[in-house]
Amino acid sequence: MSSSCLSALETEIFHYIDAHQSDFIENLKEWVAVESDSVQPDLRKEVIQMMSLAAARLAALGATVNSVSLGSQQLLNGQHLPLPPVILGELGKDPQNLTICFYGHVDVQPAKKEDGWKTDPYILTEINGNLYGRGATDNKGPVLAWINAVETFRALKIAMPVNFKFVIEGMEEAGSLGLEKLLEEEKHGFFSDVDYVVISDNLWLSKKKPALIYGTRGNACFSVEVEGGDKDLHSGTFGGIIHEPLTDLIALLDSLVDPTGHIQIPGIYDAVAALTDEEKKLHGSIEYDVEEHKNNSGVKKLLYSTKEEILLHLWHYPSLSIHGIEGAFHEPGIKTVIPAKVIGKFSIRQVPNMDLSDVKQQVVDHLENVFAKRNSPNKLKVSMPLGAKPWVADVNDPLYKAAKKAIRTVFGEDPDFIRDGSTIPIARTFQTITQKTVIMIPIGAADDGEHSQNEKISRRNYIEGIKVFAAFFLEISKLRGQLHETSKPRTNK
Ligand SMILES: C[C@H](N)C(=O)N[C@@H](Cc1c[nH]cn1)C(=O)O
Ligand SMILES: [Zn+2]
Ligand SMILES: [Zn+2]
């Protein structure tokens with residue numbers, strides 16, 4: 001955007017942000033250095049250390065910080081593991097100001113250099129304007145971008161245009177364990193004066209065009225266990241005379257989805273909400289390059305070739321993905337064993353209006369049915385360790401207009417209004433508990449590689465993202481009065 005269109009205040013703020021790029025990148029480097037992987041139990045200490053760093057950062061900002069203990073989690077093997085605390089932070093209590101609650105997470109997906117990273121995943125490394133490192137975009141970069149935006153107001157001694165609340169957690173990648181209960185407990189406490197909730201934990205749909213997100217899919221994660229005897233067996237001594245657990249499991253997994261991506265579980269599509277005319281209109285106006293998206297994935301061919309089909313299958317239809325098999329031999333080389341017990345892991349990204357308990361029942365019935373036809377004496381156990389619901393908001397809420405204006409101020413163009421095929425497990429709970437509008441303002445680009453090797457955020461997106469948040473605070477302050485009357489969430493089913 002040309003500087004002549006900016007207010008004097010915006011010019012001062014943006015100038016400060018540009019001048020402090022190195023400090024902001026240094027902050028991110030310090031956070032990326034912590035292997036705060038919430039998925040692997042043996043790294044829990046690092047997640048807890050990361051929570052302390054985040055708490056210290058908020059305290060340095062002048063926020064009141066409460067690290068709330070969530071107790072422990074019980075693993076499938078019965079072992080108890082401490083859950084990292086959740087940070088509830090507060091900065092500013094001016095009754096004239098609106099109160100924005102920002103939610104983010106500082107845990108990460110697993111990453112190892114030998115998985116195919118070009119650089120050490122825990123050393124933030126800049127190459128050609130991109131900052132590579134695990135958590136750079138998901139979600140340490142965006143959390144810090146928000147904090148840096150608040151810090152900018154403080155450093156410039158500009159009166160805070162809004163009151164801030166922070167909810168920072170360390171278990172999002174493992175399904176936000178324990179967080180829902182805390183939110184419910186704090187409904188009439190911490191959340192009683194929240195005017196709306198902001199999340200920045202997603203990506204644009206393209207490499208260049210900014211976006212705002214008004215919906216996400218949910219995620220129902222399943223575990224399917226097949227157990228034979230009590231020990232592994234020699235495949236020469238027993239192969240050919242027993243029902244093998246892994247063979248049963250592969251047949252079960254193979255029954256879930258056909259080669260066109262259609263889920264084979266009876267009834268699974270019954271409740272799927274029809275696309276509204278408003279959504280069809282939104283799809284039409286979205287800038288989306290099928291070829292670019294295919295290239296981001298690194299695959300040769302997608303299941304669908306048109307924008308309309310792809311957006312429908314990413315946002316409006318459920319999908320089923322198979323993630324792994326516990327107990328199966330996976331090292332290099334040959335091991336001629338028959339595993340005694342194997343556990344398959346898959347998940348269904350559900351959409352409005354699918355009901356989680358119906359989905360669970362449909363999955364269990366289907367797998368038991370397929371298994372029964374195999375006449376196997378092995379034991380089958382199906383469970384759903386995680387069930388996160390989809391979320392949708394009303395794009396006509398003034399909050400979306402404020403965010404759109406902030407993006408235009410920084411990028412000089414309007415964002416696309418998009419949904420996200422992935423999940424923020426706690427988004428729907430925020431909306432239900434606060435009864436206020438939730439907005440997702442992504443700052444990462446479509447090729448950032450969340451959960452993948454060589455995850456990155458570009459320097460431009462990180463720095464301009466800080467400006468978007470700062471401009472957004474100013475836009476929100478203009479909504480005072482208006483928001484209290486109009487802020488109500490779209491009803492989710
Ligand atoms: C979109 C967000 N950055 C993310 O990666 N969310 C995870 C959350 C999740 C879902 N099931 C378990 N964790 C995701 O969508 O996979
Ligand atoms: Zn995330
Ligand atoms: Zn993630």
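Visitor: Which residue stands opposite Arg349 in strand 15?

Guide: Ser319 is the residue that stands opposite Arg349 in strand 15. Please keep in mind as we go along that this is a predicted model.

Visitor: And how many bridges join strand 13 and strand 15?

Guide: Strand 13 and strand 15 are paired over seven bridges, and they pair in the antiparallel sense.

Visitor: What sort of sheet do they sit in, and in what order do the strands come?

Guide: It is an open sheet of four strands, whose order is 13-15-11-16, with antiparallel pairing. The edge strands are strand 13, covering 319–326, and strand 16, covering 379–388, and each of these pairs on one side only. From one strand to the next, the twist averages 20 degrees.

Visitor: What about strand 11, which strand does it pair with over eight bridges?

Guide: Strand 11, made of residues 219–227, pairs over eight bridges with strand 15, made of residues 341–349, and the sense is again antiparallel. If you want one pair to look at there, Cys221 stands opposite Ser347 in strand 15.

Visitor: Which helix packs on that sheet?

Guide: That is helix 7, residues 245–254, which touches strand 11, strand 13 and strand 15, and whose direction makes about 10 degrees with that of strand 15.

Visitor: Is strand 15 mostly covered or mostly open?

Guide: Strand 15 is mostly covered, since seven of its nine residues count as buried.

Visitor: Okay, new topic: where is Lys360?

Guide: Lys360 belongs to helix 11, which is formed by residues 356–372. If neighbours within four places in sequence are left aside, Lys360 is in contact with Ala220 and Met384.

Visitor: Why does Lys360 count as partly exposed?

Guide: Lys360 counts as partly exposed because it has 17 C-beta neighbours inside 10 Å, while a residue needs 20 or more to be called buried and 12 or fewer to be called exposed.

Visitor: How is the whole chain divided into domains?

Guide: The domain assignment gives domain 1, which covers 3–217 + 389–486, and domain 2, which covers 219–272 + 317–388. Their C-alpha centres lie 35 Å apart. The contact takes eight residues from domain 1 and eight residues from domain 2, and on the side of domain 1 that touches domain 2, the residues divide into three nonpolar, three polar and two charged.

Visitor: Which residues are closest to ligand 1?

Guide: The closest are Asp138, Asp201, Asn219, Ser422 and Thr423, out of 16 residues that surround ligand 1. By type, the residues of this shell divide into five nonpolar, six polar and five charged.

Visitor: Which domains does the shell around ligand 1 draw on?

Guide: The shell draws at least three residues from each of domain 1 and domain 2. Strand 11 and strand 16 each supply at least two residues of the shell around ligand 1.

Visitor: Now for another sheet: which strands make up the one with three strands?

Guide: The three strands come in the order 6-7-20, and they form an open sheet with antiparallel pairing. Strand 6, at 125–127, and strand 20, at 456–458, stand at the edges with a single partner strand each, so one side of each is left without a neighbour in the sheet. The twist in this sheet averages 30 degrees from one strand to the next. Strand 6 pairs with strand 7, residues 130–132, over three bridges, and Ile127 stands opposite Asn130 in strand 7.

Visitor: One last stop: which residues are buried in helix 13?

Guide: In helix 13, the buried residues are Ala427, Arg428, Thr429, Phe430, Gln431 and Thr434, and with six of its eight residues buried, this helix of residues 427–434 is mostly covered.

Visitor: What covers the buried residues of helix 13?

Guide: The covering elements include strand 5 (99–105), helix 5 (179–185), strand 9 (196–199), strand 10 (211–216), strand 17 (391–392) and strand 19 (438–440). Helix 13 is followed by Gln435, which has a positive phi, near 55 degrees.

Notes
Residues numbered from 1 in each chain as written. Chains lettered and ligands numbered in written order. Predicted model: local features only at pLDDT ≥ 70, side-chain atom pairs only at ≥ 80, totals over all residues. Domains from an automatic or database assignment. Contact = placed C-beta atoms within 7 Å. Nonpolar A, V, L, I, M, F, W, Y, C, P; charged D, E, K, R; others polar. Pairing = 2+ DSSP bridges. Axes fitted to C-alpha atoms, helices over the stretch in contact; angles between N-to-C directions. Near = placed C-beta within 6 Å.
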